[in-house]
Amino acid sequence: MKTTITQPLLLLAAILSVAAPVHANDIKVPGSKFNGRKPEAGTAVVLKKWAVDGNATWVFSDDDFSIELPANASLSTTVEVPTLTARKGRPAIKNPQSWCGIASVEVVRAASNGVVTVTLTPPSGAVHSTSKAVGPGMSQVWVGVPAKAMVAGEWKVSIRATGEGSVVVDDFRWVRLPTDPKGMVFAKPNGFHGPDRLESGALGFSAYTEHQTIPLPVQSVRAGGPAAQAGLVPGDVIIAVDGVDLPVNSCGPGHDWFRFSHESVLGRAGERALSHEAPVVRLTVMRGAAAVELSLPLVRRAPLPDNFPFDDTVTPKLYDDLIDFVRRTRKPNGRWANGGNEWIQTSFAGLALLGRRDPQDRAAIKEIADWFLKRFDEPNRFGNLGYWSAGYSGIFLMEYALATGDARVLPWAERSLRWVERGTHTSKWGTAALGHGPNGLPYGQKALMAPATHVIVFEALADRVGVKSGVWKKIFPYMRDSWSNPADGGHGAMGYNQSYRDKGEFWSRTGLFALAAHLRGVEPGMQSAMAKIMRERHAWMRNSHAYGYPGDVWGLIGLSQIDANAFGHVMREWHWAFGGAWQPGYGLRHTTAHMGSPYMGGEGLINPALAALLSVRHGGLAITGAKDRSWLDISDLPTEPSAVQVHRESDGRVSLTSVVPGTAIHFTLDETPPTQRSPRYTRPIAIHDGGSISARTISTDGKRGPVAVFHLELAKVGWQIDEPNPVGQPAAHRRAQGAIDSIPRSPWRTDRGHEHATFPFTLVIDLGSVQTFSGLFLAHSTAQVVDVTAAKTTEKLDTAAVVATGEFKKKIPQRIRFDKLVTARYVKLTVRSGLDNGKHLSIGEVDLLWPTVTFAEVADRRVALACDYPGLTIRVSENEQPPTVESPVYRDPMEVPGRWLQARLFDSDNNPVGPVRPKRFK
């Protein structure tokens with residue numbers, strides 16, 4: 001059947017032709033399109049590869065030339081059928097003898113008494129033939145060749161008008177298909193045209209679809225479903241639905257796929273049948289050489305109504321199935337991982353349960369929040385796709401905070417958003433932008449919008465719970481310039497970046513940006529323009545770049561908030577897709593999306609995602625319209641003890657937090673394991689001169705978390721960045737703060753964007769006072785060669801000789817040790833080269849190294865102390881007070897009355913050198 005393929009789709013198909021089709025294994029039939037060389041209507045047909053018997057003439061029909069065959073006229077040719085082999089880059093075909101052949105010719109129109117006969121004759125001489133009476137409408141004449149008869153060699157093909165009237169024919173096709181398709185391999189989407197997996201939840205079978213082919217091979221049949229009841233079996237090839245031949249299938253995104261894909265045909269047939277009292281879908285299948293008609297009785301009794309999802313009849317049943325799916329597929333420890341990425345699935349599952357607002361899910365919802373807090377206890381655990389994982393985690397946790405009022409998650413949000421803001425780089429156009437993660441910008445510094453749109457939704461929700469961030473303000477110029485502005489002749493969608501403002505993969509990033517703007521109450525003009533193009537080009541909904549189904553849902557959620565009418569229109573247009581995927585009593589079955597999604601998960605992804613969307617029915621989430629807050633009481637739910645983290649401010653105050661907040665933290669300062677009798681942490685503890693702190697979480701029922709022991713150096717009192725490279729750039733100065741902020745997870749990361757500075761990088765640190773130290777420690781560093789100079793004044797720093805040079809081969813914590821002690825206030829690092837492709841630099845934290853004190857137990861409760869630098873005095877204290885200049889000087893192995901000792905080094909002028917060193921003995 002003829003379909004209209006748009007010019008952009010033809011262009012894309014030409015570019016990607018190497019990928020489609022993969023498994024249909026076309027048999028090449030020369031001249032099979034019957035398009036002559038500039039024919040004129042009414043002239044005699046002359047074809048190079050086909051013989052013409054009779055007065056065949058060219059006719060112009062449906063924007064194309066076809067051939068009119070009067071009664072008894074025919075077309076014939078010979079076709080070389082090759083030995084069946086796998087295409088390049090594909091797995092070998094396990095059983096070539098199990099592939100059948102299906103040929104068809106398209107009948108454009110015919111006289112009322114027209115008949116077409118198609119005959120295939122193999123080298124053996126056996127004949128495979130079909131005659132079909134045809135009429136005024138388009139149809140296909142099919143010929144099936146059983147697998148055993150599909151031999152290689154020269155075959156004869158004949159198309160003859162055998163009735164009394166003329167027929168108009170076009171487009172002869174011949175493909176080979178497996179009769180046992182269980183092991184079929186599907187193409188990864190991201191722009192490829194199949195083969196795709198097609199799952200019909202409503203009809204109870206799966207198939208695989210080929211781009212620009214007609215037959216639809218059945219891959220599997222679910223026991224007890226409509227297809228199984230009707231007798232459909234794997235290996236059957238569907239050729240017609242409800243008596244209408246299948247159209248040429250499209251696996252590419254757009255209006256052709258939306259109207260003519262096999263998924264669309266089946267989905268629409270199912271919804272159409274549900275409007276009848278006894279809903280049945282009829283399938284015509286080729287089974288070997290025979291055509292068989294089957295009737296599939298549907299389980300559901302009513303179609304999705306026009307006001308879906310706001311109706312009170314069918315949608316509640318679908319919603320129940322989706323939520324039940326989420327509940328039963330939950331993994332231990334509050335997460336989801338059903339064949340895909342766990343933090344994406346867990347975020348959608350959490351949003352689904354939150355949005356449902358069912359009290360029975362309280363414990364599960366809190367457990368999801370605790371899982372996220374533990375999974376991403378610090379931002380550097382977000383990974384290489386850090387802004388995606390931060391966005392997903394943050395959206396759920398902020399919805400959770402709005403629903404529960406649980407303030408435990410707010411420090412997590414502050415840390416994460418600060419980490420994102422520090423991870424911007426300069427785009428090709430001079431604006432701050434985000435990549436996939438903090439390590440730089442892809443695509444020649446052009447960057448991309450997609451991960452940033454998730455982060456700005458997270459940030460907008462965080463703002464509602466009182467967590468402020470500068471991410472939106474910082475990257476909005478980049479986002480604005482990436483938008484295709486209708487005022488400048490654009491189309492209104494959010495582009496991939498400033499150089500690629502496309503209308504093909506725009507859906508999710510457009511909807512997410514609009515949602516963030518809506519939550520912030522800004523940019524109404526952008527929101528309106530985005531809603532307009534989303535309504536106009538909804539057929540591209542599943543084409544969100546490298547994304548698929550999650551992109552569907554994010555775009556729909558955004559559209560539901562910015563334009564209810566456009567949202568309603570799109571949901572009505574997509575009835576067939578939702579209804580076709582729905583298996584009553586189970587949930588949605590997963591059909592391959594145009595772009596992405598398989599590596600994120602199939603049914604484990606789309607069911608919770610659509611369940612989250614359906615919370616729009618009652619405004620269950622802030623992103624779906626909720627205005628209320630603190631509606632979910634989780635105050636009586638316990639929190640399991642977890643590990644303790646420490647953070648130290650530059651003034652010496654030590655803060656303790658549990659990875660999963662909610663249990664009491666007990667601590668000691670003498671290195672004994674904390675118990676319930678130990679002090680309970682309630683506020684920051686001032687520890688300026690170093691020491692140690694031991695901490696653990698202990699729940700009210702006595703459950704204990706692991707003991708964490710933190711050895712503390714001198715506080716960075718008065719430390720500041722004097723000047724980083726490039727000099728004079730405020731952004732460079734702000735970035736460099738990460739080197740001394742006492743947060744290794746928040747590093748000094750040089751700009752990796754357009755026209756960035758290159759090696760050598762320099763950093764001057766003012767230590768706030770004169771210090772005596774023995775080296776430098778660089779946490780999470782990518783430095784390769786580092787020169788260190790030091791001086792008491794900035795004037796002397798410029799002329800000072802290099803104290804030491806560090807050379808490194810791995811990205812691990814790095815130590816630069818001096819040959820002798822250095823006394824200075826200013827330290828200058830000159831990083832001459834780096835390990836990260838020799839272009840960029842990242843240092844998690846810069847700390848001083850100090851002379852060390854070693855403790856050794858000898859007999860009779862005596863202890864020997866030693867220092868690794870001569871000329872320094874060791875003073876000791878046997879109580880909780882740190883050693884001072886008045887404390888006893890250690891001289892010989894000394895007896896320790898207790899089991900606790902503190903030591904500190906002093907120089908010849910009695911100035912302390914380095915931190916207090918505590919030691920508890922067994």
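Strand 38 and strand 40 (residues 900-906) run antiparallel and are joined by 5 bridges. Within this pairing, Thr873 has Phe906 of strand 40 as its bridge partner. The model is a predicted one, in which local features require pLDDT of at least 70 and side-chain atom pairs count only at pLDDT 80 or more, while totals for chains, interfaces and linings use all residues. Residues are numbered from 1 along each chain as its sequence is written, and side-chain values use heavy atoms, with hydrogens and water left out. Helices (H or I, at least four residues) and strands (E, at least two) are DSSP runs numbered from the N terminus; two strands pair if DSSP finds at least two bridges between them.

The pairing belongs to an open sheet of 3 strands, in the order 38-40-41, with antiparallel pairing. Strand 38 (873-877) and strand 41 (912-920) each have a single partner strand and stand at the edges, so one side of each lacks a neighbour in the sheet. On average, neighbouring strands of this sheet are turned by 25 degrees against each other, direction ignored.

Helix 11 (residues 450-464) packs with helix 13 (residues 507-520) at an angle of about 20 degrees, and their axes are 8 Å apart. Axes are lines fitted to C-alpha atoms, for helices over the stretch in contact, and angles run from 0 to 180 degrees between N-to-C directions. Helix 11 and helix 13 are therefore roughly parallel to each other (angles under 35 degrees). Contact (heavy atoms within 4.5 Å) involves residues including Ile456, Val457 and Leu461 in helix 11 and Leu512, Phe513 and Leu519 in helix 13. The residues of this contact divide into 9 nonpolar, 2 polar and 4 charged; Ala, Val, Leu, Ile, Met, Phe, Trp, Tyr, Cys and Pro count as nonpolar, Asp, Glu, Lys and Arg as charged, and the others, Gly among them, as polar.

Cis peptide bonds were assigned as follows. The bond from Phe308 to Pro309 is cis, with omega near 10 degrees, and Pro309 is placed in the loop between strand 17 (290-297) and helix 5 (315-328). Phe759 and Pro760 are also joined by a cis peptide bond, with omega about 5 degrees; Pro760 lies in the loop between strand 29 (748-749) and strand 30 (761-779).

Arg357, a residue other than glycine, has a positive phi near 60 degrees. Arg357 is found in the loop between helix 6 (342-356) and helix 7 (362-375) and is partly exposed, with a relative accessible area of 24% (buried means under 20%, exposed over 50%, partly exposed in between; 1.4 Å probe, protein chains only).

How values were computed: Parallel < 35°, antiparallel > 145°, perpendicular 65-115°, else oblique.
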